[in-house]
Protein chains: 2
Amino acid sequence: MSSPISAYERNLDRNAANYEPLSPLSLLRRAARVYPDYPAIVHGPVRRTWAETYARCRRLGSALRSRGIGRNDTISILASNIPALYEAHFGIPMAGGVLNTINTRLDAAAVAFIIDHAESKMLLVSRDFLPLAQQALDIAANRPPLIVIEEEGASRSCWYEQFIAGGDPEFAWKGPEDEWQAISLSYTSGTTGNPKGVVTNHRGAYLNALGNTLAWSMPMHPVYLWTLPMFHCNGWCFPWTLAALAGTSVCMRKVSAKGIFDAIADDKVNHFCAAPTVLAFILSARPEEKRRLAHPVRVMTAGASPPAAVLEAMTKDGFDLTHVYGLTEVYGPVVVCAWKDRWNALPLDDQARLKARQGVPYQVLEDLTVMDPKTMTPVPADGETMGEVMMRGNVVMAGYFKNAAATGEAFAGGWFHTGDLGVLHPDGYVQLKDRSKDIIISGGENISSIEVEEVLYRHPAVLEAAVVARPDPVWGETPCAFITLRPGASATAQEIIAFCRANLAHFKCPKAVVFGELPKTSTGKIQKFELRKRTTDIVQPAA
Amino acid sequence: MSSPISAYERNLDRNAANYEPLSPLSLLRRAARVYPDYPAIVHGPVRRTWAETYARCRRLGSALRSRGIGRNDTISILASNIPALYEAHFGIPMAGGVLNTINTRLDAAAVAFIIDHAESKMLLVSRDFLPLAQQALDIAANRPPLIVIEEEGASRSCWYEQFIAGGDPEFAWKGPEDEWQAISLSYTSGTTGNPKGVVTNHRGAYLNALGNTLAWSMPMHPVYLWTLPMFHCNGWCFPWTLAALAGTSVCMRKVSAKGIFDAIADDKVNHFCAAPTVLAFILSARPEEKRRLAHPVRVMTAGASPPAAVLEAMTKDGFDLTHVYGLTEVYGPVVVCAWKDRWNALPLDDQARLKARQGVPYQVLEDLTVMDPKTMTPVPADGETMGEVMMRGNVVMAGYFKNAAATGEAFAGGWFHTGDLGVLHPDGYVQLKDRSKDIIISGGENISSIEVEEVLYRHPAVLEAAVVARPDPVWGETPCAFITLRPGASATAQEIIAFCRANLAHFKCPKAVVFGELPKTSTGKIQKFELRKRTTDIVQPAA
């Protein structure tokens, strides 16, 4: 009698020898085992090897356990890119806890909201953000114990150092029992309303840590500069990627063009991640701040579609740019503008246009497409038809913390809805066109604010530009441009509009131009909702 | 009232958007999507892109489904490294089936055993192995339908081609429902008794496909030469690795030194895997067969500890060797002799000695150690104390097919027992000393046959060497050397023994030396059990 169960399903189960929940913690253990004396951390005069870093992470994990921290306990941390924040990416999960990095640019009320909503069991805070933390704790209902991270090498009492000094450097930590266990809770910087808490797990963190190495073809032992805040969705998983590759983290408390050029020259940095605003920093560095690149420097950029002019200028300066796209909800970047060798033969301007596209899924992202969100059918791959960018796979979040409604909406129809509008090009590359709310509808025509911004960035006097809809009695909406000029440069609204008309369909050109500084969120994104409010005050006549 | 369930365990479940069973099939889909016109297969005059290869795999999957093949059905294939075998690595799992590659060097009885034990539902066989297949089917109780893979481009009827021509090039395949689902069944070439069927699954295959890219720091688009048979534990997962990197598979039906040099020069091959015997081929190529390397060629070698002399000679010829170690039970290589830059400053001979060590775990292997198998405690990391090499992690097999007893033994104590003896060096690197049965015990002293072989390989006249135990009335056992000399070289037993005495403790030196060809298994391993039998016939007096 034949068995109803296949022989492949008998006595071939998971066991301790052949199954281990995926977790980035195992990457740290390997780095320390194989490369104990290789540099892991550079922070001013502080230099630590992988053996030392692993011992410190174990001390942290052990110290947390001795304070009663365990599985699913949230530990919040408020710090810039210092070694303790790197260590938190390992030490907190080693204790079974969930790492909650808080954006240091938030105000006290927002920090208090997070500490309450996350139900934080402990708050680690670096000395420079202690006033912010104390203000937040004055407001918050939850009052977790505070551990202060002292400036390393300072003579005053080192509370974080005391805390971990009590921990066991040979702590016999255990990985998660289940790879679905939460590893991180990151609050998205919503422009309105309360932020949502994105829960990610050990499985996804492990896979996207490896995903970065594949999509960026990273070699072993990269020297990586922390321009990207680690509090931005866990530094796009790079703390874990660097453990996989036994690379060096060069910390940088405050980002400046000079600091970047110095780190490249002095610490031999060869990789960093940066938002386009950081690229703009680098490009507008004063001559005395710049230093010639003595070796190739690879830059991963995301956060907003980098203007072609910026991409072009960076390439001319010798930086090798890879454009990626992602969101906190997908562990950071999961889409890459994979470069084709044959494109190197094109004029630099065409290359920049191709590179400004968001691209194709990471190897570890299962699928990526652009759909009509009502019918959930993909748009034609014509580079024209707009739809919502959708993703699915193991590097999509578990969901929003204590927010089943938002989670349900985000995953409607079995895909993660990014909220970003885009097109699918005939070669399968996705390009963002706008956030749904950023599209400008003028006389029934859709205008992509990004397309108009692209043109503005090509104007030699423009440092930064943002285009939003301005209410118009005739057209419904018209594009309104907000511009920051380069230091020393000058331009009139008329000149800017004329430049646009020479490079764009006329209906897409701004009807009003406002000069000045652009309002930004704490994460450096331009606050278009703020600009939209300002459009009603504009008295400038339409050109 | 507080809930007993953590908020991290409510409404944050797996769903279609955030969970996909890991499977190497998704790597193929991505390669075809992102790099449709990049070369995937080179086989003589045949050139196929990733789009074409993906379409052919989908046709194969679809054709199998239309023949009723589904989940957990075994499909056997008997072929050398031809495109159909590459396609089988994707098409068979797409249909839900389990790929069973059969070693073409087996005899009909062994092939029949496999077809019966695997309960094969279909047998794919290339034209050149049709007589073997037919002989096997004459013996086997199971009589699966036969699909003959015709030589590509041949004018005769192409049965495999007809078969897949009936399949749908846009077959809407589905990945496995469960990543633990079997993807492959590979019979180990045991030297005695019936072979055991190693069952591996989609999860492990995916992870080790990525593991190869990390451990070997592989760039995108490698050009990879198939010297390693794909029927050796799925070509160490490289069919799937090449999909992850959109690399090119250069097929090679018969391995020869000339063929390797030609492929490097003509097809720009820059990566290949090879057993030490293939390296010996390359080193002893005739001058007119060799061609100068115009670009770096990286070679991954495993299968036996490569003699230091071979490593040294290959390096001198311009090949960049990476030494790995693994077994069919762990998806191929999972241990790598990770290279430290500082070792480059050492004399080449010392470098070779360091590189001859098996090394450290792959990033995707959870743990590796050397233990006393009785007490299951690790040996001291002194480079001296022998124990059994043990591994655990996601790249360890599910178990042996229909052999719960062998599976239980292999996984005793929660570790996979490799059956290989080794030591742990102070720097954490593992080095094999012998298979348990290959150790020589002479006068109560353990002698590592590998250590003696290492010395023999350094003798300029020696092409291949194997050392086994010879029964001895006084010492219990003594080492006996079997040697193949290089073409044109000559040496006497006395000279060889004197050479050993100059380089080894005297008790470790061979007491007898036999010259001639060495017997090998179908997988190219030297058959030590055969040599052991021959030692009883030796009349040569002890030196």
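Predicted model: local features only at pLDDT ≥ 70, side-chain atom pairs only at ≥ 80, totals over all residues.
View 1. Strand S25(A), residues 476–485, runs parallel to S26(A), and four bridges join the two. Within this pairing, A:Ile483 has A:Phe515 of S26(A) as its bridge partner.

**View 2. Chain A is divided into two domains.** Domain 1 covers residues 25–254 and domain 2 covers residues 439–535. Taken over C-alpha atoms, the centres of domain 1 and domain 2 of chain A are separated by 39 Å.

**View 3. Strand S4 of chain A is covered on both faces.** In a regular strand, side chains alternate between the two faces of the sheet. In S4(A), residues 98–101, A:Val98 and A:Asn100 lie on one side, while A:Leu99 and A:Thr101 lie on the other. These four residues are all buried. Strand S3(A), residues 74–78, pairs with S4(A) in the parallel sense over four bridges. A:Ile75 stands opposite A:Leu99 of S4(A).

**View 4. Strands S1 and S2 of chain B form a hairpin.** S1(B) consists of residues 39–43 and S2(B) of residues 46–49; their pairing is antiparallel, over four bridges. B:His43 stands opposite B:Val46 in S2(B). Two residues lie between the strands, and B:Gly44 in the turn has a positive phi of about 55 degrees.

**View 5. B:Arg253 sits in a loop between a strand and a helix of chain B.** Why is B:Arg253 classed as partly exposed? B:Arg253 has 15 other C-beta atoms within 10 Å, and a residue is buried at 20 or more such neighbours, exposed at 12 or fewer, and partly exposed in between. Not counting residues up to four places away in sequence, B:Arg253 touches B:Ser80, B:Asn81 and B:Ile82. B:Arg298 is 45 residues from B:Arg253 in sequence, and their C-alpha atoms are 20 Å apart in space.

**View 6. Chains A and B meet through the same surface.** A rotation of 180 degrees, with 0.0 Å of shift along its axis, superposes chain A on chain B with an RMSD of 0.1 Å. The two copies are thus related as by a two-fold rotation axis. The contact takes 50 residues from chain A and 50 residues from chain B. On the side of chain A that touches chain B, the elements giving two or more residues are helix H1 (25–34), helix H7 (202–215), strand S15 (360–361) and helix H14 (404–410) of chain A. H1(A) gives the largest share, five residues. By class, this side of chain A has 28 nonpolar, 15 polar and seven charged residues. Of the interface residues of chain A, 100% are also interface residues in chain B, so the copies meet through the same surface.

Methods. Residues numbered from 1 in each chain as written. Chains lettered and ligands numbered in written order. Least-squares fit on C-alpha atoms with pLDDT ≥ 70 in both. Contact = placed C-beta atoms within 7 Å. Nonpolar A, V, L, I, M, F, W, Y, C, P; charged D, E, K, R; others polar. Pairing = 2+ DSSP bridges. Domains from an automatic or database assignment.
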